[in-house]
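Subject: Structure for you to look at

Hello,

Please find the structure below. My notes on what was found in it follow.

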Amino acid sequence: MNLHPTTAGLLLAGILFVLGLISVLIRRNIIFMLLSVEIMLNAAGLAFVVAASHWGQADGQVMFMFILAMAAAEVSVGLALILQLYHQLRTLDSDEASRMNG
Amino acid sequence: MDIAFIVAALIAVAATVRVITCYNIMHALLYLVVSLLAVAVVLYTYGAPFMAVLEIIIYAGAIMVLIIFFVMMLNLGLETAEHEKAWLRPRIWIVPGIFCVVLLAELLYLILQNRQPSAGIQVVPPKQVGMALFGPYLIAVELTGILLMAGIVGAYHLGRQHKKTLHRFLENNLNT
């Protein structure tokens with residue numbers, strides 16, 4: 001295997017992103033869907049860092065830090081939403097949330 | 001493409017596949033932590049050690065601990081101890097343990113070797129990142145701070161429990 005390192009890194013990021021996408025599409029447990037979104041964000045950050053090391057620019061790593069902060073904010077709000085869903089409906093099935101009212 | 005990257009990438013993909021095929025949430029979280037550690041090693045091989053440390057501290061540390069505490073908080077009850085006992089059998093944590101030992105050995109090997117990254121990779125020093133962060137990206141940093149603040153307030157607002165029992169005087173008045 002004689003891939004260029006940038007190609008290999010982007011390939012790994014793409015594989016991880018597709019795995020997260022498959023999981024967020026097929027899962028019904030809402031915590032697993034949140035974890036899949038985390039996997040996808042992580043893959044996107046990996047792609048940014050690989051691009052940064054390809055061009056030798058710092059912008060990709062800056063974007064990685066922003067993605068990290070956004071993931072922290074997103075997971076806290078998402079967990080609070082799941083908590084409310086669990087207390088209202090007594091389940092973690094995401095299909096149950098389709099009959100939310102009020 | 002060196003051997004360290006290949007090993008870390010294989011561990012990352014294997015752990016992520018285990019995450020999305022697990023039925024038990026705790027097993028999935030365990031494998032997800034391993035996956036994040038493997039991605040941190042990959043970041044190290046790409047000449048971004050500061051980002052690798054941030055990945056371990058924030059992703060594998062803060063966010064994963066938040067989710068694990070949350071999951072443990074959700075299923076309170078008498079069967080929690082039995083679940084705990086069933087979840088922590090050696091058969092469960094031995095594969096993530098092996099993955100973690102491999103990753104630790106690899107990271108130590110990479111640090112002690114102190115070599116240059118392979119051709120085609122340019123190292124971006126943390127100083128350059130900091131200069132970019134507080135130079136052209138200053139407004140984005142401020143916006144990130146606002147986003148985190150909004151996240152805190154939103155999480156507090158959404159996660160707040162409404163009081164089910166009022167004061168007994170008010171409760172009596174409500175019943176009558």
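Phe66(A) has a relative accessibility of 15%, below the 20% cut-off, so Phe66(A) counts as buried. Please keep in mind that the model is predicted.

Aromatic pairs

Over all chains, the structure holds 2 aromatic pairs. In one of them, the ring centres of Phe66(A) and Tyr137(B) are 6.3 Å apart and the planes stand at 65 degrees, so this pair is edge-to-face. The pair joins two chains, because Phe66(A) sits in helix α3 of chain A and Tyr137(B) in the loop between α6 (126-133) and α7 of chain B. Tyr137(B) is buried too, with a relative accessible area of 19%.

Phe5(B) and Tyr46(B) also form an edge-to-face pair, at 5.6 Å centre to centre and with 80 degrees between the planes. This pair links distant parts of the chain, 41 residues apart: Phe5(B) is in helix α1 (residues 3-21) of chain B, and Tyr46(B) is in the loop between α2 (25-45) and α3 of chain B. Both Phe5(B) and Tyr46(B) are buried.

Second largest pocket

The second largest pocket holds about 250 Å³ of space. It is lined by 17 residues, and those closest to its centre are Met65(A), Leu68(A), Ala69(A), Ile58(B) and Leu148(B). α3(A) gives the most to this lining, with 7 residues. By class, the lining has 15 nonpolar, 2 polar and no charged residues. Domain 1 (3-90) and domain 2 (125-160) of chain B both contribute lining residues, so the pocket lies between them.

Gln61(A)

Helix α3 of chain A also contains Gln61(A), which counts as buried at 1% relative accessibility.

Regards

How values were computed. Residues are numbered from 1 along each chain as its sequence is written. Chains are lettered from A and ligands numbered from 1 in the order in which they are written. This is a predicted model: local features need pLDDT of at least 70, side-chain atom pairs count only at pLDDT 80 or more; totals for chains, interfaces and linings use all residues. Side-chain values use heavy atoms; hydrogens and water are left out. On a 1 Å grid over the protein atoms alone, a cavity is a set of points where a 1.4 Å probe fits but cannot get out, and a pocket is an open set with protein on both sides within 12 Å along at least five of seven lines; lining residues have an atom within 4 Å of a point. Grid points are joined across faces, edges and corners, and a volume is the space filled by probe spheres set on the points. Helices (H or I, at least four residues) and strands (E, at least two) are DSSP runs, numbered from the N terminus. Ala, Val, Leu, Ile, Met, Phe, Trp, Tyr, Cys and Pro count as nonpolar, Asp, Glu, Lys and Arg as charged, and the others, Gly among them, as polar. Domain bounds come from an automatic or database domain assignment. Buried means under 20% relative accessible area, exposed over 50%, partly exposed in between (1.4 Å probe, protein chains only). Rings of Phe, Tyr and Trp (its six-membered ring) pair if their centres lie within 6.5 Å; planes under 30 degrees apart count as stacked, over 60 as edge-to-face and the rest as tilted.
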